[in-house]
Amino acid sequence: MPPRRFKEKSVRKIVERRVAKAIEKYEKTRADSNNTGGSGSTNTGGTVAPEVQGCSYKTFMNGKPHSFNGTEGVVGLKRWFEKIEQVFEICKCAEDDKVKFSMCTFEGRALESRALIHL
């Protein structure tokens, strides 16, 4: 039995929820990082390695993220989210770069829908 095709409106709602969830997580992470000052540091005098600031676009693309065309249906969208999230984790991408980098994997119909997201 072929996978059930979803209406564009349903897929758009799923994408909007995922984007809203990602933004909420980003804002929480950002707020948490702003609230953690250096006053509670447990540094014992040794040198501390600098904190990783994220990955470059080249590093992200070397992780071979799946492209997204917008015609794959819900199963394809879910797989795309999973692969993108794996690449983010492996590459240690900064929260600020995740949306930019993932949108660069859009092709075909997804590029047209991307314009609607920004409205």
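A charge sits over a ring if NZ of Lys or CZ of Arg is within 6 Å of the ring centre and within 35 degrees of the ring normal. I looked for such a case and found Arg18, which lies over the face of Phe81 at 4.2 Å from the ring centre.

**Ground rules.** I am working with a predicted model, where local features need pLDDT of at least 70, side-chain atom pairs count only at pLDDT 80 or more, and totals for chains, interfaces and linings use all residues. Residues are numbered from 1 along each chain as its sequence is written, and side-chain values use heavy atoms, with hydrogens and water left out.

**Aromatic rings.** I noted the rule for pairs: rings of Phe, Tyr and Trp (its six-membered ring) pair if their centres lie within 6.5 Å; planes under 30 degrees apart are stacked, over 60 edge-to-face, and the rest tilted. How many aromatic pairs does the structure hold? I found 8 aromatic pairs. I picked out Trp80 and Phe106, a tilted pair with 5.5 Å centre to centre and 50 degrees between the planes. The pair links distant parts of the chain, 26 residues apart. Trp80 is in helix H3 (residues 73-91), and Phe106 is in the loop between helix H4 (95-103) and helix H5 (109-117). Helices here are DSSP runs (H or I, at least four residues), numbered from the N terminus.

Next I checked burial. Buried means under 20% relative accessible area, exposed over 50%, and partly exposed in between (1.4 Å probe, protein chains only). Trp80 counts as buried because its relative accessibility is 6%. Phe106 is buried too, at 14%. I also found a cluster: ring pairs link Tyr57, Phe60, Phe88 and Phe101.

**Cysteines.** A disulfide is a pair of cysteine sulfur atoms within 2.5 Å. By this rule I count 1 disulfide. Which residues does the disulfide join? It joins Cys55 to Cys93, S to S 2.4 Å. The link of Cys55 and Cys93 is right-handed, with 65 degrees about the S-S bond. Cys55 lies in the loop between helix H1 (8-35) and helix H2 (57-62), and Cys93 in the loop between H3 and H4, so the pair ties together parts 38 residues apart in sequence. Both Cys55 and Cys93 are buried.

Cys91 is buried at 12% relative accessibility. Cys104 is partly exposed, at 44%.

**Last entry.** I looked up Val75, which lies in helix H3. Val75 is partly exposed, with a relative accessible area of 46%.

Methods:
Helix = DSSP H or I, 4+ residues; strand = E, 2+ residues; numbered from the N terminus.
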